[in-house]
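Student: Could we go through the strands of this structure together, and talk about how their pairing is decided?

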Amino acid sequence: MSKNNVTRRQFLSYTLTGVGGFMAAGMLMPMVRFAVDPVLKKEAGGEFIATPMKVSDLTKEPQRVDFTFKQKDAWYESEVTNTAWAYKDGDKIIALSPICKHLGCTVNWNTDKAHPNEFFCPCHFGRYEKSGKNIPGTPPPQPLDIYPVQVKSGYLYLGKAQPRTEV
Ligand code: FES
């Protein structure tokens, strides 16, 4: 018997190690996939969400539009309600986020009697023009985010709100 020959014991050891490794991988892969898969999934971008607002009911005056959708954070699915301030500007529909760009409070339309026809943030007296442009000298550093809009069957659909640096 030459020195390079594999003994019966070595052959058995290699074979069992190989088969054992293969079986372990077969059992572990589904577990790893289950644990990691939702995290790796691409976020569904560009989706438009239906709102209960009929486009024919929109006017030049910003109106509060609440809309609800299902949100999935990895393994957890929840129902979320968001808000937009929507109005018509000629043929265009403008839908603004109500989240103040200072520290994230909620802005309201036309609630500051001293400054009518503006968006007003009560937390630190932030103010925005109707277009969402932040008014200099008040805390917000940027304009309100804007939602991409679509109209389907006469109803307003909103995409993901986008930040703006200028209006
Ligand atoms: S959070 Fe709106 S002004 Fe500060």
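This is a predicted model: local features need pLDDT of at least 70, side-chain atom pairs count only at pLDDT 80 or more; totals for chains, interfaces and linings use all residues.

Student: What makes β3 and β4 a pair?
Tutor: Two strands pair if DSSP finds at least two bridges between them, a strand being a DSSP run of E with at least two residues, numbered from the N terminus. Strand β3 (residues 76–89) is joined to β4 by 5 bridges, so the two count as paired, and they run antiparallel. Within this pairing, Tyr87 has Ile94 of β4 as its bridge partner.

Student: Why are β2 and β4 called edge strands?
Tutor: The open sheet has 3 strands in the order β2-β3-β4, with antiparallel pairing. Both β2 (63–73) and β4 (92–96) pair on one side only. From one strand to the next, the twist averages 35°, an angle between lines fitted to C-alpha atoms, taken between N-to-C directions on a scale from 0 to 180 degrees.

Student: How do you know that β9 pairs with β1?
Tutor: Strands β1 (residues 49–54) and β9 (residues 155–158) share 3 bridges, so they meet the requirement, in the antiparallel sense. Ala50 stands opposite Tyr157 there.

Student: Which residue takes a positive phi in the hairpin of β8 and β9?
Tutor: Ser153 does, near 50°, in a hairpin with 2 residues between the strands. β8 (residues 149–152) pairs with β9 over 4 bridges, antiparallel, and Lys152 has Tyr155 as its bridge partner.

Technical notes: Residues are numbered from 1 along each chain as its sequence is written.
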